[in-house]
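Please read it with the sequence and the model at hand.

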Amino acid sequence: GDRSSADTAAAELSPEPALPANASPIVGTFYTSPAPDAPAFVEIGDKVGPETIVCIVEAMKVMNEIKAEMSGTVKRVLVENGTPVEYGQPLFELEPV
């Protein structure tokens, strides 16, 4: 795809993850688990597939389940639980399998 000059400038300011990262499809609040007392959807080292739910992004009181969109191993969680995320913000760093 074409990269606009704005994208290029932003990429230079913040180093991109070395590995592919799945990005938030919406603006909202990032949660690593379905409920405060529930275990996280994925832990570092977990293997995920394209359909694996890795987190929730809550927007306007709607809990949106976010899928990994690729197969790989979770290497890093790039966002703190309960913090706001922007559209397109990387959430997890995944090592492809």
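Predicted model: local features only at pLDDT ≥ 70, side-chain atom pairs only at ≥ 80, totals over all residues.

Arginine 76 and glutamate 93 form a salt bridge whose closest N and O atoms are 2.8 Å apart. This pair links distant parts of the chain, since arginine 76 belongs to strand S6 and glutamate 93 to strand S8, 17 residues apart.

**Salt bridges**

- The count of salt bridges comes to three.
- Glutamate 95 forms a salt bridge with lysine 75, with the closest N and O atoms 3.3 Å apart. Here too distant parts of the chain are linked, as glutamate 95 is in strand S8 and lysine 75 in strand S6, 20 residues apart.
- Glutamate 95 is partly exposed, with a relative accessible area of 33%, and lysine 75 is also partly exposed, at 36%.
- Glutamate 51 forms a salt bridge with lysine 67, and their closest N and O atoms are 2.8 Å apart. Glutamate 51 lies in the loop between S3 and S4 and lysine 67 lies in strand S5, so the pair ties together parts that are 16 residues apart in sequence.
- Glutamate 51 counts as exposed, at 57% relative accessibility, while lysine 67 is partly exposed, with a relative accessible area of 33%.

**The sheet containing S6 and S8**

- Strands S1, S8, S6 and S3 form an open sheet in the order S1-S8-S6-S3, with antiparallel pairing. Strand S1 (21-23) and strand S3 (47-48) stand at the edges with a single partner strand each, so one side of each has no neighbour in the sheet.
- Strand S6 (residues 72-77) pairs with strand S8 (residues 90-96) in the antiparallel sense over five bridges. Valine 74 has leucine 94 in S8 as its bridge partner.

**The sheet containing S4 and S5**

- A sheet of four strands, also open, has the order S5-S4-S2-S7 with antiparallel pairing. Its edge strands are S5 and strand S7 (84-85), each of which pairs on one side only.
- Strand S4 (residues 53-59) is mostly covered, with six of its seven residues buried.
- Six bridges join S4 to strand S5 (residues 62-67), and the two run antiparallel. Isoleucine 53 stands opposite lysine 67 in S5, and isoleucine 56 has glutamate 65 in S5 as its bridge partner.
- The hairpin of S4 and S5 has two residues between the strands, and methionine 60 takes a positive phi near 50° there.
- Strand S2 (residues 28-31) is joined to S4 by three bridges and runs antiparallel to S4. Phenylalanine 30 has valine 57 in S4 as its bridge partner.

**Phenylalanine 92**

- Phenylalanine 92 lies in strand S8 and is buried, with a relative accessible area of 1%.
- Leaving aside neighbours within four places in sequence, the residues in contact with phenylalanine 92 include Phe30, Val54, Cys55, Val74 and Arg76.
- The C-alpha atoms of phenylalanine 92 and alanine 68 are 8.4 Å apart in space, although the two residues are 24 residues apart in sequence.

How values were computed. Residues numbered from 1 in each chain as written. Heavy atoms only, no water. Buried < 20%, exposed > 50% of the residue type's maximum accessible area, 1.4 Å probe, protein only. Pairing = 2+ DSSP bridges. Contact = heavy atoms within 4.5 Å. Salt bridge = Lys/Arg side-chain N within 4 Å of Asp/Glu carboxyl O.
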